[in-house]
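Q: Could you walk me through this model, chain by chain and then across the contact?

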Amino acid sequence: MTVKELQSKLDLNALNEVSDTEVEGAFVSDMLSDVMAGAKAGNVWVTVQTHKNIVAAANLVDVPAIIVVRGKKVPEDTVQVADRVGVTLFSTDLDTFQVAVKLHEAGIKPDA
Amino acid sequence: MVRDKCRHLWNKINLRDGFIVTENCYHCNRTRVYFSYEDVPPKDEYKEGEHYFNYAGSAQSIKFDLECEKCKTVVTFEELMGLMQCANCDESCHLNVLSKICEGQNIWVYAALAYRDGDEIDLPVKSLDILTSHFTSRLRTPGKRILVVPGSLRKSPAICRGEMLRDVGMLSLTPET
């Protein structure tokens with residue numbers, strides 16, 4: 001499933017250009033150190049964080065898309081950095097658990 | 001640089017949680033940064049030589065070593081505090097110039113911020129090369145690479161707007177001061 005298809009299945013609001021990158025797995029954490037240590041390339045990252053460093057962390061480990069949950073407002077500078085590095089930013093009013101359930105229902109499996 | 005015979009494939013091992021602690025001398029404004037493995041970041045005030053250090057902030061982060069899964073060589077990074085992506089705040093900064101050149105080649109530059117005895121240092125080239133190899137090997141996007149460079153490429157750490165990748169002030173739209 002691509003990031004674009006994921007947007008459609010989860011009805012996510014895109015904050016910038018949506019990529020065609022294939023999604024493999026998901027990573028749920030609100031800590032950059034967690035993501036840098038544990039996220040895998042292709043994971044979609046679910047977080048409540050909105051600081052622009054989430055994009056720098058995602059780019060470092062090849063996370064193609066970030067879903068910001070609970071309706072948190074994403075600052076414009078975060079969106080600008082995401083545009084520059086090619087990471088797709090989504091927002092949703094759902095909470096982390098709801099998004100995780102929907103990802104699983106959409107066929108996103110835990111990493112082996 | 002002479003290449004090893006082993007084409008290393010580096011994986012993180014010995015992940016340790018802790019805090020990056022920043023202290024300031026209220027006499028001369030000298031800053032020192034170190035990593036604390038304690039459960040709660042130390043907030044002591046103390047005198048060291050001519051300096052009077054106060055706690056100036058902390059952030060959660062991790063430390064790691066890298067092990068080659070082929071030859072089992074282990075490389076430690078005790079002095080590495082974190083990585084930083086350029087914020088493009090100064091056109092004349094070498095880190096900014098390098099970042100912009102590399103972005104056109106789908107190479108993403110991160111500065112390695114390292115400290116010894118509280119003072120900022122540059123990691124040796126070999127360490128930067130290993131970090132570059134490790135983070136690039138984790139990528140899946142065709143043609144994409146990560147390049148880890150010395151922190152001293154920044155024109156001035158004091159006015160650099162780049163921020164180390166660490167867990168502090170992330171829930172606020174206003175950076176922690």
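A: Starting with overall size, a compact globule of 112 residues would have a radius of gyration near 13 Å, and chain A has 12 Å, which agrees; the radius is taken over C-alpha atoms, and the globule rule is 2.2 Å times the number of residues to the power 0.38. This is a predicted model, in which local features need pLDDT of at least 70 and side-chain atom pairs count only at pLDDT 80 or more, while totals for chains, interfaces and linings use all residues. Residues are numbered from 1 along each chain as its sequence is written, and chains are lettered from A and ligands numbered from 1 in the order in which they are written.

Q: What does the C-alpha trace of chain A span, and what share of its residues count as buried?
A: Along its principal axes, the C-alpha trace of chain A spans about 30 × 25 × 25 Å. Of its 112 residues, 46% count as buried, where buried stands for 20 or more other C-beta atoms within 10 Å of a residue's own, exposed for 12 or fewer, and partly exposed for anything in between, with C-beta atoms placed from the backbone.

Q: How many helices and strands are in chain A?
A: Chain A has 5 helices and 5 strands, in the pattern α-β-β-α-β-α-β-α-β-α along the sequence. These are DSSP runs numbered from the N terminus, with helices being H or I over at least four residues and strands being E over at least two.

Q: What order do the strands take in the sheet?
A: The order in chain A is S1-S5-S4-S3-S2, in an open sheet of 5 strands with mixed pairing, and two strands pair if DSSP finds at least two bridges between them. Strand S1 (13-14) and strand S2 (26-28) of chain A are at the edges with a single partner strand each, so one side of each is left without a neighbour in the sheet.

Q: And which way do the strands next to S5(A) run?
A: S1(A) and strand S5 (residues 88-91) of chain A run antiparallel and are joined by 2 bridges, with A:Phe90 in S5(A) as the bridge partner of A:Ala14. On the other pairing, strand S4 (residues 65-68) of chain A is parallel to S5(A) over 4 bridges, and A:Ala65 stands opposite A:Thr88. From S4(A) the chain crosses through helix H4 (residues 76-85) of chain A to S5(A) in a right-handed β-α-β crossover, meaning that, with the strands pointing away from the viewer, the path from the first strand over the helix to the second runs clockwise.

Q: Switching to H3(A), how many of its residues are buried?
A: In H3(A), 8 of its 8 residues are buried, among them A:Asn53, A:Ala56 and A:Leu60. Just after H3(A), A:Asp62 takes a positive phi of about 65°.

Q: What does A:Ala56 touch?
A: Not counting residues up to four places away in sequence, A:Ala56 touches B:Gln85 and B:Leu165, where contact stands for C-beta atoms, placed from the backbone, within 7 Å. A:Ala56 is buried, with 27 other C-beta atoms within 10 Å. Its C-alpha is 9.3 Å from that of A:Val87, although A:Ala56 and A:Val87 are 31 residues apart in sequence.

Q: How many residues does each chain give to the contact?
A: Chain A gives 18 residues and chain B gives 24 residues. On the side of chain A that touches chain B, H3(A) gives the most, with 5 residues.

Q: Which residues have the most contacts inside the largest nonpolar core?
A: They are A:Ala57, A:Ile66 and A:Ile67, in a core of 67 residues; such a core is a set of buried Ala, Val, Leu, Ile, Met, Phe, Trp, Tyr and Cys residues joined through C-beta atoms within 7 Å. The largest share of this core, 8 residues, comes from strand S7 (residues 107-116) of chain B. Beyond its neighbours within four places in sequence, A:Ile66 is in contact with residues including A:Trp45, A:Ile54 and A:Leu89.

Q: And how is chain B built?
A: Chain B has 2 helices and 9 strands, and 30% of its 177 residues count as buried. Its C-alpha atoms fill a box of roughly 50 × 40 × 35 Å along the principal axes.

How values were computed
Contact = placed C-beta atoms within 7 Å.
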